[in-house]
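Here are a few exercises to work through with the model open beside you. Try each one by eye before you read the solution.

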Amino acid sequence: MPKRKVAALEKVDADLVSLQYKIRRDPKSYAQEFYDQWLAYDAQRQIFISSPSSASSEDNKKFHDLVDLVAHVADLYPDVTAPYFDHLKELLTQHHAVLNSDLREKVVGSLSLLRRKDVIDSTSLLTTLFPILISTPSKSLRSLLYTKIISDLRESNSKATNHKLNRTIQTVLHNLVTSDRTSTKGMWACRITRELWRRQIWTDARPCDVMKEACLSDNEKVVVGGVRFFLGGDKEREEMEDDSSDEEIDIKKVKHQGTINKKTKKRQKVMEKAMEKIKKQERKKHAPHPLNFSALYLIHDPQGFAEQLFQKHLQNTKCKFSLDNKLLVLQLVTRLVGLHKLTIISLYPWFTKYLTPKQPSVTSFLASLAQATHNHVPPDAIEPLVVKIANEFVSEASAAEVASAGINSIREVALRQPLCMSETLLQDLVMYQKSKDKGVVMAAKGLQSLYREVYPELLQKKFRGKEATMGLKSGEVKRLKFGEEQVETGIEGIELLEKYKEEQKLKKLAEKGEDADGDAKMKNEDDDEDGFNSDEWEVASNDSDSSTGWINVEHSDDEDEGPAAKKQRRDSSTAPDLISDEAMAAAAEANRISKLAMTTILTPADLAKLAELRREAQLDKMTGNVSKRRQELIAKHIEDGVTADDIELPAQIGKKSTKEERVAMAKDGKPGREEHKSTQAIRKSKKEAEGKSSTNKEKARKKNFLMTVGKARAKHKRSLVDTKKRLTAHIARSKSGGRRRNGM
């Protein structure tokens with residue numbers, strides 16, 4: 001009997017990929033074929049469940065293809081494939097350690113595909129993958145599961161925030177950290193929370209609670225993961241936001257390429273994708289800015305958290321963390337203390353044994369001490385530390401780098417609590433500005449400048465400076481008190497606007513040539529317009545002459561004309577002046593400033609001018625025209641924290657760099673030797689990167705000689721009349737935009 005020939009269509013039916021394509025096109029016609037493949041899948045699955053490790057490579061390949069087929073068409077036959085998810089879950093949960101790697105990846109991919117087709121929900125998928133993530137020993141499987149979990153959470157929160165799913169996953173991560181504090185499983189909770197925080201998918205306080213529990217774990221790796229989240233998570237989020245904003249598309253370039261290139265479906269899809277991305281960027285620009293609070297601000301009960309962290313990992317002698325990890329924990333504790341102005345009195349005596357020049361990473365300890373200082377810390381708790389730093393670091397026998405670091409750290413502490421310094425110690429430190437080392441001189445002068453601004457009374461008169469001396473005499477510089485806060489009582493910068501308006505009035509009077517009487521008249525008119533009439537107040541004050549408790553102060557206008565009269569002796573019955581001259585001047589100044597804010601409605605032009613004057617004043621502060629920058633410095637260090645580089649900065653001043661450092665500085669920003677090109681080559685590569693074409697002259701140079709020889713011969717044979725006609729036509733075409741009339 002001859003062998004039957006197999007038809008081409010029968011061969012196609014044997015191919016599962018083509019069968020999948022046919023089922024997608026016509027599900028009803030191929031229902032029986034799919035059911036046959038489903039039975040084959042079910043039989044193969046039972047074989048794998050009975051002995052997954054003994055399956056041959058052919059069986060793995062066949063089962064791999066069947067799983068792929070069912071996953072792609074499961075949404076078309078929901079009744080038949082109802083137990084499919086449970087099958088894959090059972091197979092992956094029980095036998096993930098012995099399954100073939102390709103088959104295992106296919107099962108995970110099929111579960112993700114079912115989620116994308118909405119056959120299952122995110123909760124089912126994540127609760128299946130997460131237990132395997134924390135238990136499997138396979139590194140490749142862990143990486144795959146981690147990627148799938150993050151991508152599913154991103155997809156679930158892309159259109160709108162899925163609060164229910166987020167709470168479920170956050171509860172799972174919280175329980176994972178708190179269930180076993182000695183296990184390293186909490187590392188996965190840290191990684192997932194940090195990645196979702198960086199991508200701004202989770203921005204509320206619940207992920208901060210998860211990382212707070214991670215910081216209080218007993219496992220060193222989990223603690224470091226939680227601490228790094230609070231110290232660097234916000235900076236990572238800002239960097240990622242900046243990177244995403246840089247990815248902009250040039251719409252003109254895309255449109256230009258669409259007009260000059262050949263029209264294909266691929267280029268049309270690229271064009272549509274670019275336009276969609278541009279529309280998305282525009283929606284982001286006009287959308288309200290999200291309130292992305294720092295993780296340090298979202299911690300519940302920062303006082304209790306800081307105390308637990310300090311007592312468990314720093315004060316506890318049984319804690320065997322490495323020095324670098326202890327420094328990370330210390331930075332977090334001090335950042336919390338400085339940011340929330342907490343009070344942990346036992347923290348400051350703990351610093352004493354680490355404040356020596358021989359201590360490794362001593363500048364990090366000094367920076368942490370400065371971070372932990374604020375104006376609510378008692379000066380008695382900080383003063384012994386300042387004296388210890390001065391005794392250990394600042395002396396004639398100390399190296400220049402050590403002395404400058406010591407003085408600079410004292411300055412950082414005094415910036416936050418000026419009352420921690422005694423007059424004798426301050427005078428001793430200020431005298432180091434006569435040192436021969438430039439770094440020590442700059443550190444001492446910085447300390448002197450600080451106390452000129454905040455507490456000039458501690459300095460000797462010759463070191464106070466002109467402004468501080470005048471401020472002490474006039475009463476503008478007040479004596480510092482512990483716990484005193486500066487509170488704004490009015491509109492910020494309103495005195496600048498008042499001064500500007502007065503200058504404009506005087507300028508108008510000067511242009512008109514009016515005298516002082518005209519000025520006074522104009523001033524009275526302005527007062528009447530503002531609703532302030534001085535005559536009415538004078539009448540009201542005259543009516544109260546008979547009332548008790550008021551003192552009539554008489555002024556003589558003839559005092560300057562005659563000789564100085566002798567000082568009359570006060571009667572015992574005469575009451576002393578209730579208000580001193582300085583207090584009266586301060587009250588008059590307050591009334592003058594508050595008059596504009598309380599009697600005048602500020603127009604939009606006034607508000608714009610006020611903002612401009614504020615910017616100018618801020619610029620003056622930054623350029624040094626106004627020396628009081630203490631609040632700005634404190635605010636900067638509260639947000640960013642004090643680092644070891646800030647403490648070591650004065651020591652770098654005047655220091656000669658080595659040859660290797662100078663060479664590295666010279667090479668910084670320059671291309672490597674292999675990237676040296678001519679200017680023309682650089683322009684060409686830049687054009688190619690931007691997607692631009694070459695010019696017609698460049699194209700003509702690359703043409704074959706035989707293609708151009710005919711044109712060259714014709715040019716030589718032209719007559720003068722033909723040449724004139726050609727040039728005239730060329731000029732006319734160039735004026736109208738060339739042959740294509742692009743300029744029309």
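**Exercise 1.** Is Gln 44 buried or exposed, and what does Gln 44 touch?

*Solution.* Start with accessibility: Gln 44 counts as buried because its relative accessibility is 9%. The cut-offs, with a 1.4 Å probe and protein chains only, are under 20% relative accessible area for buried, over 50% for exposed, and partly exposed in between. Helices here are DSSP runs of H or I with at least four residues, numbered from the N terminus. Finally, look for neighbours, leaving out residues up to four places away in sequence: Gln 44 touches Asp 59, Lys 62 and Phe 63. Contact means heavy atoms within 4.5 Å.

A word on the ground rules: this is a predicted model, where local features need pLDDT of at least 70 and side-chain atom pairs pLDDT 80 or more, while totals for chains, interfaces and linings use all residues. Residues are numbered from 1 along each chain as its sequence is written, and side-chain values use heavy atoms, with hydrogens and water left out.

**Exercise 2.** Work out the surroundings of Glu 195.

*Solution.* First, find Glu 195 in helix α10. Now look at its side chain, which makes a polar contact of 2.7 Å with the side chain of Arg 199. (A polar contact is a pair of N or O atoms within 3.5 Å; within protein, one must be able to donate a hydrogen and the other to accept it, and residues adjacent in sequence count only if both atoms are side-chain atoms.) Beyond four places in sequence, Glu 195 touches Tyr 146 and Ile 150.

**Exercise 3.** Which residues of α10 and α11 meet?

*Solution.* Take the geometry to begin with: the axes of α10 (residues 186–198) and α11 (residues 206–215) come within 10 Å and cross at roughly 145°. Axes are lines fitted to C-alpha atoms over the stretch in contact, and angles run from 0 to 180 degrees between N-to-C directions. Then list the partners: Cys 190, Thr 193 and Trp 197 in α10 meet Pro 207, Cys 208, Val 210, Met 211 and Ala 214 in α11.

**Exercise 4.** What covers the buried residues of α21?

*Solution.* Pick out the buried residues of α21 (residues 423–430): Leu 425, Leu 426, Gln 427, Leu 429 and Val 430. Their cover includes α19 (379–393), α20 (400–416), α22 (438–454) and α23 (461–464).

How values were computed. Helix = DSSP H or I, 4+ residues; strand = E, 2+ residues; numbered from the N terminus.
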